[in-house]
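Please look at the sequence and the structure shown here before reading the report.

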Amino acid sequence: MASKRQDLVELSDWQLVEKCQAGDADAFQVLVSRYHQKVFMVILGLMRNRDDALEVAQETFFRAYRKIKSFQGGSSFYTWLYRIAVNNAIDAQRKQKRNPLDFHETMDGLFEARNEVARDPFADVHDRELRESMMKAINELTPEHKAVIVLRTIEGMSYKDIGEVLGCSEGTVMSRLHYARKKLQDKLSAFL
Amino acid sequence: MSQCETIQESIGRWLDGELQTADSEAVRRHVEGCPDCAAARQRLEKIHATLSGLLTAQASELEFAPFWREVRRRIDEKRSWHEQLIEWAQSLVTSPRLAWAVPAAIMLVLGFFSLAKWPVGGQVSNYASVESIDTHGRNVALLRDDKTKTTIIWLYQDPEGENENVEEATKSGPAF
């Protein structure tokens, strides 16, 4: 069993996808272990709340599992997976907007998890304020603008790949990214 | 637009590695020698680092085992027998190897019914009928010719809104 798992870990994404398509659930587990943190990060960047992001990330992998037989390899696996993740997150966020959470409640949850060793107290306060302002500024962007900046920041994706994930052209990605960065710079000017 | 403004418009694409080599080199040279543009670069890098650090810190605390348990639970729970049946049927239809079978099956069914209505070697017959569509004199006439295997559907309006001539039309057939 351990040997089989070791063998699976060494396979490429596409080889694992082929095994999943043949019904190998262990291969899917390896794909989840490879991408769960990155998918979670992308979704967290798009959503307000950690618990909601976790729920959407798990649902993303569940949907990917159900759809994996239809994946033909026309794009890379992670591009396909991120497309499912972004669509799920945007859907969930639109539902949230109809039932908004208290901003401070969600931000407290986000920052409590950071267990940093105290350095300069002023620097800590500055960093904390910067992070809070960053999340606030990100949340004020539209889902489409949020998506480009999060995909670029976390995954370092090319404009072409981001376009594939979001179903838009490279030019659209470029202009959205430019706009999102400009907005963030304006909102965070006091810290930059 | 000044040179600095032009460069600052391109700094994001330059940092993303999305500029052509020559343009990238031009931006790099300018940024190295211009304090304002160097500051613009630093601002962008700080935004990137802050956001990345914020999300990475959260994700690094995400444990795989409970995450996978929940995904696995959904996979096991939500796949009831009828869902599995539907998925199996969908995979059959969408499978590229079997995709040709769908139009082929439709053609076979149509061919079967066509032969049933047009018996090979059977008695050759023509068929015509006229039906009224509504009460305003609009009619549909159907004419089928066995010899040429032609079907003509003719829509027309009786100017009087009456159907007295239907029987006559049936006998003589529509005038083309």
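## Basis of the report

This is a predicted model, in which local features need pLDDT of at least 70 and side-chain atom pairs count only at pLDDT 80 or more, while totals for chains, interfaces and linings use all residues. Residues are numbered from 1 along each chain as its sequence is written, and chains are lettered from A and ligands numbered from 1 in the order in which they are written.

## Chain A

Chain A contains 10 helices and 0 strands, where helices (H or I, at least four residues) and strands (E, at least two) are DSSP runs, numbered from the N terminus. Along the sequence, the pattern of chain A reads α-α-α-α-α-α-α-α-α-α.

Of the 192 residues in chain A, 36% are buried, a term for residues with 20 or more other C-beta atoms, placed from the backbone, within 10 Å of their own. When contacts in chain A between residues at least 6 apart in sequence are considered, 66% of them join residues at least 24 apart; two residues are in contact if their C-beta atoms, placed from the backbone, lie within 7 Å.

## Where the chains touch

On the side of chain B, 29 residues are in contact with 34 residues of chain A. At least two residues each come from H1, H3, helix H4 (64–78) and helix H5 (81–94) of chain B, and H3(B) gives the most, with 14 residues.

By class, this side of chain B has 13 nonpolar, 8 polar and 8 charged residues. Here Ala, Val, Leu, Ile, Met, Phe, Trp, Tyr, Cys and Pro count as nonpolar, Asp, Glu, Lys and Arg as charged, and the others, Gly among them, as polar.

## A helix pair across the chains

Helix H7 (residues 121–139) of chain A packs with helix H3 (residues 35–60) of chain B at an angle of about 90 degrees, and their axes are 10 Å apart. Axes are lines fitted to C-alpha atoms, for helices over the stretch in contact, and angles run from 0 to 180 degrees between N-to-C directions. H7(A) is therefore roughly perpendicular to H3(B), a term that covers angles of 65 to 115 degrees.

Leu130(A), Arg131(A) and Met134(A) of H7(A) make this contact with Thr50(B), Leu51(B) and Leu54(B) of H3(B), which gives 4 nonpolar, 1 polar and 1 charged residues.

## A helix pair within chain B

Helix H1 (residues 3–15) and helix H2 (residues 21–33) of chain B pack at an angle of about 115 degrees, with their axes 10 Å apart. In H1(B), Ile7(B), Ser10(B), Ile11(B) and Trp14(B) meet Asp23(B), Ser24(B), Val27(B), His30(B) and Val31(B) of H2(B), and by class this contact has 5 nonpolar, 3 polar and 1 charged residues.

Key: Angles under 35 degrees count as roughly parallel, over 145 as roughly antiparallel, 65 to 115 as roughly perpendicular and the rest as oblique. A residue is buried if 20 or more other C-beta atoms lie within 10 Å of its own, exposed if 12 or fewer, and partly exposed in between; C-beta atoms are placed from the backbone.
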